[in-house]
Amino acid sequence: MSLPLVVAITGASGVIYGVELLRALKTLGQETHLILSEAAGLNLAIETEFDLDYVKSLANVVYKNKDVGATVASGSFRTRGMIVAPCSVKTLSAIANSFNYNLIVRAADVTLKERRPLVLMVRETPLHKGHLDLMTRAADYGAVILPPMPAFYHKPETIMDIIHQSIGKALDQVGIEHSLFKRWAGHGKELGKEPLRAVE
């Protein structure tokens with residue numbers, strides 16, 4: 001099996017991105033190590049039909065966010081990278097300032113220092129200059145800033161099609177092959193494979 005991917009879900013609106021990311025990775029047979037912020041659990045209840053136990057069941061390993069001594073807190077534990085989906089501005093701020101006060105931020109900091117892919121699906125709008133400065137700083141350190149912005153060239157028919165396109169873009173950044181959305185093949189040409197549907 002390939003190296004594990006670290007997935008973090010924070011309390012920003014859009015926790016469904018993290019859930020669907022885990023569901024897709026499970027379908028693809030990719031090992032995942034999950035960290036949930038305390039606020040993520042609250043948003044799961046507000047925004048989705050899923051509970052914490054279900055979301056945790058989608059991952060191979062689950063850590064408590066307060067466990068700063070977990071394996072993913074060390075660069076000697078090898079991973080293929082980390083995706084924070086969604087990434088709250090609070091988490092973005094901590095990452096941009098190397099303020100390692102919990103496991104999500106520490107794992108992200110380790111990912112950056114080890115020069116592994118770190119994808120931040122920042123969820124906020126509109127953005128003021130402070131948000132933009134934080135994103136610039138994180139990008140300067142090596143993070144990929146990937147807000148879940150919908151695309152329409154793949155002719156989405158459902159909200160899930162839009163969600164899958166965004167998480168597919170995140171998976172592209174960590175080198176995981178997938179068929180979550182139809183890829184652009186040029187104007188007037190047929191698009192790629194049929195999108196991967198959600199796990200039942």
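This is a predicted model: local features need pLDDT of at least 70, side-chain atom pairs count only at pLDDT 80 or more; totals for chains, interfaces and linings use all residues.
How exposed are the two partners, aspartate 172 and arginine 183? Aspartate 172 has a relative accessibility of 30% and therefore counts as partly exposed. Arginine 183, at 35% relative accessibility, also counts as partly exposed.

## Salt bridges within helices

The structure holds 5 salt bridges. Side chains of opposite charge can pair when their charged atoms come close. One of these salt bridges joins glutamate 20 to arginine 23, and the closest N and O atoms are 3.0 Å apart. Both residues lie in helix α1 (residues 15–27); because they are 3 residues apart there, about one helical turn separates them. Glutamate 20 and arginine 23 are both buried.

Another salt bridge is formed by aspartate 133 and lysine 129, whose closest N and O atoms are 3.1 Å apart. These two residues lie in helix α6, 4 residues apart, which corresponds to about one turn of the helix. Which of the terms buried, partly exposed or exposed applies to aspartate 133, and which to lysine 129? Aspartate 133 is partly exposed, since its relative accessible area is 40%. Lysine 129 counts as exposed, because its relative accessibility is 59%.

## The sheet and its strand order

The strands form an open sheet of 6 strands in the order β3-β2-β1-β4-β5-β6, with parallel pairing. Strands β3 (61–63) and β6 are the edge strands, each pairing on one side only. Strands of a sheet pair through backbone hydrogen bonds, either parallel or antiparallel.

On one side, strand β5 runs parallel to strand β4 (residues 82–87), to which it is joined by 4 bridges. Within this pairing, cysteine 87 has valine 122 of β5 as its bridge partner. On the β6 side, β5 pairs with strand β6 (residues 144–145) in the parallel sense over 2 bridges. Here leucine 120 has isoleucine 145 of β6 as its bridge partner.

Why can strand β5 be described as largely enclosed by the rest of the structure? Of the 5 residues of β5 (residues 118–122), 5 are buried, so the strand is largely enclosed. Both of its faces are covered: Leu118, Leu120 and Val122 are buried on one side, and Val119 and Met121 are buried on the other.

Together with β5 and β6, helix α6 (residues 129–141) makes a right-handed β-α-β unit. Helix α7 lies across β4, β5 and β6 and runs at about 160° to β5.

## Aromatic pairs

A pair of aromatic rings is described by the distance of the centres and the angle of the planes. The count for this structure comes to 3 aromatic pairs. One of them is formed by phenylalanine 50 and tyrosine 54, which are stacked at 5.1 Å centre to centre, with 20° between the planes. Phenylalanine 50 is buried, because its relative accessible area is 16% and the limit for a buried residue is under 20%. Tyrosine 54 has a relative accessible area of 26% and is therefore partly exposed.

How are the rings of tyrosine 153 and tryptophan 184 arranged? Their centres are 6.2 Å apart and their planes stand at 80°, so the pair is edge-to-face. Tyrosine 153 lies in the loop between β6 and α7 and tryptophan 184 in the segment after α7, so this pair ties together parts that are 31 residues apart in sequence. Tyrosine 153 is partly exposed, with a relative accessible area of 31%, whereas tryptophan 184 counts as exposed at 52% relative accessibility.

Methods
Residues are numbered from 1 along each chain as its sequence is written. Side-chain values use heavy atoms; hydrogens and water are left out. Buried means under 20% relative accessible area, exposed over 50%, partly exposed in between (1.4 Å probe, protein chains only). Two strands pair if DSSP finds at least two bridges between them. A crossover is right-handed if, with the strands pointing away from the viewer, the path from the first strand over the helix to the second runs clockwise. A salt bridge is a side-chain nitrogen of Lys or Arg within 4 Å of a carboxyl oxygen of Asp or Glu. Contact means heavy atoms within 4.5 Å. Axes are lines fitted to C-alpha atoms, for helices over the stretch in contact, and angles run from 0 to 180 degrees between N-to-C directions. Rings of Phe, Tyr and Trp (its six-membered ring) pair if their centres lie within 6.5 Å; planes under 30 degrees apart count as stacked, over 60 as edge-to-face and the rest as tilted.
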